[in-house]
Amino acid sequence: EDILPMQMAAVDSLKNDLDQFYLSIREYRGDFRANAPFKFQGGCDEAFIAIESFSKKLDQIEVQVDQFRELEDLFELQPTAYVEIGETRSEIKQLTRLWEFKRNVDENFGEWRAELWADVNTLNLEEQNKRLRKQLKEKGNAYPSMKGWQVYRDIDESLVVMATVLPLVHDLHSDAI
């Protein structure tokens, strides 16, 4: 008889803590959507630092989720679903892959610009650019929301510009000119 009121108070306290925790997850999700490098003008290294920061915070949240799940199980409560956590984890993975791809594209373009004029093989560079565009499209098709991210559009635009420039470089490289 004395245990039941204490147990009910503990359950009420846990439910209150769960509500506050859910609000903190929503706040983190809002911060992530607003400040993660979806639209970022800095370099790849800064983007990776930002992504890592969000990932570490998400790791901490997941530890708290596990702790709350144990308490929910202990008091035989329905486990709370945190859809935002799975969505954020997935977006972090996709964002990391996209920034790795951007770094790869930037490195390729840097190497191409460093080639001596006499050594430029524009046909080879055009093929490489086509492969990069195809890989980017595959990433966008595999994860459609990625196409809405500014970093995706920036990469796509740089590849389109390079696809326009390379034939012009090929024409300028001609012996006739």
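**Figure 1. Glu76 is an exposed residue in a predicted model, with a relative accessible area of 73%.** Exposed means over 50% relative accessible area, buried under 20%, and partly exposed in between (1.4 Å probe, protein chains only). Glu76 lies in the loop between helix 2 and helix 3. Helices (H or I, at least four residues) and strands (E, at least two) are DSSP runs, numbered from the N terminus. Although Glu76 is not a glycine, its phi is positive, at about 55°. The model is predicted, so local features need pLDDT of at least 70 and side-chain atom pairs count only at pLDDT 80 or more, whereas totals for chains, interfaces and linings use all residues. Residues are numbered from 1 along each chain as its sequence is written, and side-chain values use heavy atoms, with hydrogens and water left out.

**Figure 2. Helix 2 comprises residues 44-74.** The 31 residues of helix 2 should span 45 Å at 1.5 Å a residue, and this agrees with its end C-alpha atoms, which are 45 Å apart. The expected span is 1.5 Å times one less than the number of residues. Which residues of helix 2 are buried? They are Cys44, Ala47, Phe48, Ile51, Phe54, Ser55, Leu58, Ile61, Val65, Phe68 and Glu72. An α-helix has 3.6 residues a turn, so residues three or four places apart point the same way.

**Figure 3. Glu91 lies in helix 3, which covers residues 83-114.** Glu91 counts as buried because its relative accessibility is 8%. Contact means heavy atoms within 4.5 Å. With neighbours within four places in sequence left aside, Glu91 is in contact with Arg29, Phe32, Arg33, Phe38, Tyr143 and Trp149.

**Figure 4. The chain that holds these sites has five helices and zero strands.** The radius of gyration of the chain is 25 Å, well over the 16 Å that the globule rule gives for 177 residues, so the chain is more spread out than a compact globule. This radius is taken over C-alpha atoms, and the globule rule is 2.2 Å times the number of residues to the power 0.38. Along its principal axes, the C-alpha trace spans about 100 × 25 × 20 Å. Of the 177 residues, 33% count as buried. Among contacts between residues at least 6 apart in sequence, 77% join residues at least 24 apart.
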